[in-house]
Amino acid sequence: MYLPGMNMGIISKGAKCNVSGCNNDGIRSLNTSKVEDAGLRVSSSGKKTVLCKAHYKEWKKETKDDRSLERARYDKF
Ligand SMILES: [Zn+2]
């Protein structure tokens, strides 16, 4: 079965964000390790983690920004 968009990181409707404590609808699916590297805590059991709009934005910010910001973000939680 071919799932359009799956390889582009776009997920189908209905999946929820995998960040722990978040229950928003997911919009993107990323490698779990990449998400964790950005400092987000995920409760995904697989290699892929689903992110909602807000967390995807946050992930993008983290990956763009300097590494030193990672720690500052952590403290906010
Ligand atoms: Zn989320």
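A residue is buried if 20 or more other C-beta atoms lie within 10 Å of its own, exposed if 12 or fewer, and partly exposed in between, with C-beta atoms placed from the backbone. K48 is partly exposed because 19 other C-beta atoms lie within 10 Å. The model is predicted: local features need pLDDT of at least 70, side-chain atom pairs count only at pLDDT 80 or more, and totals for chains, interfaces and linings use all residues. Residues are numbered from 1 along each chain as its sequence is written.

**Overall layout**

- The chain has three helices and two strands. Helices (H or I, at least four residues) and strands (E, at least two) are DSSP runs, numbered from the N terminus.
- Read from the N terminus, the order of elements is β-α-β-α-α.
- Of the 77 residues in the chain, 23% are buried.
- Contacts between residues at least 6 apart in sequence include 40% that join residues at least 24 apart. Two residues are in contact if their C-beta atoms, placed from the backbone, lie within 7 Å.

**The strand pair**

- Strand 1 and strand 2 pair in the antiparallel sense, over five bridges. Strands count as paired if DSSP finds at least two bridges between them.
- L30 stands opposite T49 in strand 2.
- Strand 1 covers residues 26-31 and includes G26. G26 is buried because 23 other C-beta atoms lie within 10 Å.
- G26 and K53 are 27 residues apart in sequence, yet their C-alpha atoms are 6.8 Å apart in space.
- Strand 2 is largely enclosed by the rest of the structure, because four of its five residues are buried.
- K48 belongs to strand 2. Leaving aside neighbours within four places in sequence, K48 is in contact with S29, L30, N31 and T32.
- K48 and L30 are 18 residues apart along the chain, with 5.3 Å between their C-alpha atoms.

**The nonpolar core**

- Twelve residues form the largest nonpolar core: C17, V19, L30, V35, A38, L40, V42, V50, L51, C52, Y56 and W59. Such a core is a set of buried Ala, Val, Leu, Ile, Met, Phe, Trp, Tyr and Cys residues joined through C-beta atoms within 7 Å.
- Strand 2 (48-52) and helix 2 (53-64) are the elements that give two or more residues to this core.
- Strand 2 supplies the largest share of this core, three residues.
- L40 touches V19, V35, H55, E58 and W59, not counting residues up to four places away in sequence.

**Helix 2: dimensions and buried side**

- Helix 2 has twelve residues and reaches 16 Å from its first C-alpha to its last, close to the 16 Å expected at 1.5 Å a residue. The expected span of a helix is 1.5 Å times one less than its number of residues.
- H55, Y56 and W59 are the buried residues of helix 2. They lie on the same side of helix 2, because they cover an arc of only 105 degrees around the axis. The arc is that of the directions from the helix axis to the C-beta atoms.
- The buried residues of helix 2 pack against strand 1, helix 1 (32-37) and strand 2.

- The face of helix 2 turned away from its buried side carries the exposed residues K57, K61 and K64.
- K64 is found in helix 2. K64 counts as exposed because it has 9 C-beta neighbours inside 10 Å.
- K64 and A38 are 26 residues apart in sequence and 9.7 Å apart in space, C-alpha to C-alpha.
- E58 also sits in helix 2. E58 is partly exposed because 18 other C-beta atoms lie within 10 Å.
- E58 and L40 are 18 residues apart in sequence and 8.7 Å apart in space, C-alpha to C-alpha.
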